[in-house]
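Dear colleague,

Please find the structure below, together with its sequence. My notes on its sheets and helices follow.

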Amino acid sequence: MIQPVRYEGGVLHLLDQRRLPAEERWVACSSVEEVARAIEAMVVRGAPAIGIAAAYGVALAAVRAAAGAASAGSDGPRADEPGQDGRDRQGAASSGDPGTTAGTVAEAVDAAVRRLAATRPTAVNLHWALRRMADRSRELAARGAAPRAVAAALEAEARSIQEEDLAMCLRMAEHGAALLPAGARVLTHCNTGALATGGHGTALGVIRTAWRQGRLRHVWVDETRPLLQGARLTAWELEREGIPHTLIVDGAAAAVMGAGQVDAVLVGADRIAANGDTANKIGTYMLAVLARHHGIPFYVVAPWSTVDPTLPSGDAIPIEQRGADEVRALGGVRWAPAGTAVYNPAFDVTPAALITAIVTDRGVLRPPYREAIAERAAAPAAE
Ligand code: MRU
């Protein structure tokens with residue numbers, strides 16, 4: 001199974017998703033700053049995977065602080081200048097500094113949480129994972145745990161977040177596959193696969209499971225401008241698995257639906273508000289409108305860590321704005337005039353009214369979502 005995030009020997013290894021499918025290259029991070037830059041540069045992307053990487057970033061901060069190396073000042077190479085995988089880095093394995101205290105570790109954890117929280121604003125999984133790491137750190141501090149014990153416990157917590165995400169994906173996949181008709185032809189957007197999660201995937205996890213169950217016929221893959229997560233990453237995952245698929249430009253979705261070639265649309269999510277409004281990759285809202293027009297079910301697939309019950313509706317979801325050159329150019333080739341004004345929101349918000357069902361690890365939610373979300377938040381179903 002593809003796993004884009006690997007933590008070994010105090011170093012976080014990230015499969016560089018900017019380079020796929022041309023090259024399978026790993027970026028090694030041994031400091032919080034390296035992890036933060038990797039998230040910003042989208043070396044690692046996809047809501048759950050960002051949360052997992054950030055959790056390991058916090059663990060790295062604790063490991064370095066516990067080793068008395070946090071003040072050594074070496075943040076190593078930048079994420080956009082990837083180091084060679086497995087190279088020796090200063091910090092993680094340094095010997096202890098007798099001056100290091102539990103307070104030093106707690107301060108390093110707090111600083112790491114602040115830095116990582118500022119990387120990408122829309123995916124709430126990031127903040128969910130950081131809160132979990134911060135809570136665990138405070139709990140250990142309250143118990144008077146020694147610095148190295150705190151660091152080891154935070155490494156274990158990050159590993160649990162990763163393993164739990166995979167388990168949630170597998171549960172969602174079962175729930176979601178059961179919604180599809182036999183011989184289903186589905187359309188998906190962006191990349192919601194193993195690359196975006198702890199493994200298996202959310203919407204793409206449903207597709208994987210449905211294929212293994214013999215109920216899936218074909219996948220239409222939106223290329224997903226501007227960064228082509230569909231063309232580069234989803235097509236790569238589907239090809240590795242031998243799942244029949246066809247790549248289309250985003251603008252072809254209406255034509256394919258109009259030709260009666262789509263039985264369901266499956267997408268992931270970066271944040272789901274309390275009323276079910278859902279932020280996901282730019283272009284998702286457009287697909288939901290098209291699906292409604294053509295009478296095609298539109299399913300959102302996301303783990304509970306993507307649900308943000310603190311936001312009453314999608315209006316309050318912060319939408320990341322990215323640089324103009326992502327739209328004016330690709331792969332170093334510019335096709336628009338250098339000064340052309342660009343609007344480049346990375347995500348849009350699909351109103352809950354356009355969503356047929358939200359598939360979570362706690363079961364399948366149906367409208368009205370405010371009630372369904374409140375009910376599952378209070379009493380998680382072990383379905
Ligand atoms: O900008 P990205 O590539 O991080 O956006 C990813 C998406 O929008 C995914 O659909 C979402 O994070 C769900 S991934 C399981």
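Strand β2 (residues 11–15) and β3 run antiparallel and are joined by four bridges. Helices (H or I, at least four residues) and strands (E, at least two) are DSSP runs, numbered from the N terminus. Two strands count as paired if DSSP finds at least two bridges between them. Within this pairing, L12 has C29 of β3 as its bridge partner.

This is a predicted model, in which local features need pLDDT of at least 70 and side-chain atom pairs count only at pLDDT 80 or more, while totals for chains, interfaces and linings use all residues. Residues are numbered from 1 along each chain as its sequence is written.

β2 and β3 belong to an open sheet of three strands, in the order β1-β2-β3, with antiparallel pairing. Because β1 (5–8) and β3 (26–29) stand at the edges with a single partner strand each, one side of each has no neighbour in the sheet. On average, neighbouring strands of this sheet are turned by 25° against each other, direction ignored. Angles here run from 0 to 180 degrees between N-to-C directions, and axes are lines fitted to C-alpha atoms, for helices over the stretch in contact.

Helix α1 (residues 32–40) lies across β2 and β3 and runs at about 145° to β3. Two residues are in contact if their C-beta atoms, placed from the backbone, lie within 7 Å.

How far apart are the axes of α2 and α3? Helix α2 (residues 47–66) and helix α3 (residues 102–117) pack with their axes 8 Å apart, at an angle of about 150°. The two helices, α2 and α3, are therefore roughly antiparallel; angles under 35 degrees count as roughly parallel, over 145 as roughly antiparallel, 65 to 115 as roughly perpendicular and the rest as oblique. On the α2 side, the residues that meet α3 include A54, G57 and V58, and on the α3 side they include T104, V105 and A108. By class, this contact of α2 with α3 has twelve nonpolar, two polar and one charged residues. Ala, Val, Leu, Ile, Met, Phe, Trp, Tyr, Cys and Pro count as nonpolar, Asp, Glu, Lys and Arg as charged, and the others, Gly among them, as polar.

Another open sheet has four strands in the order β11-β8-β9-β14, with mixed pairing. Its edge strands, β11 (307–308) and β14 (347–350), each pair on one side only. Two bridges connect β8 (residues 271–273) with β9 (residues 278–281) in the antiparallel sense, and I272 stands opposite T278 in β9.
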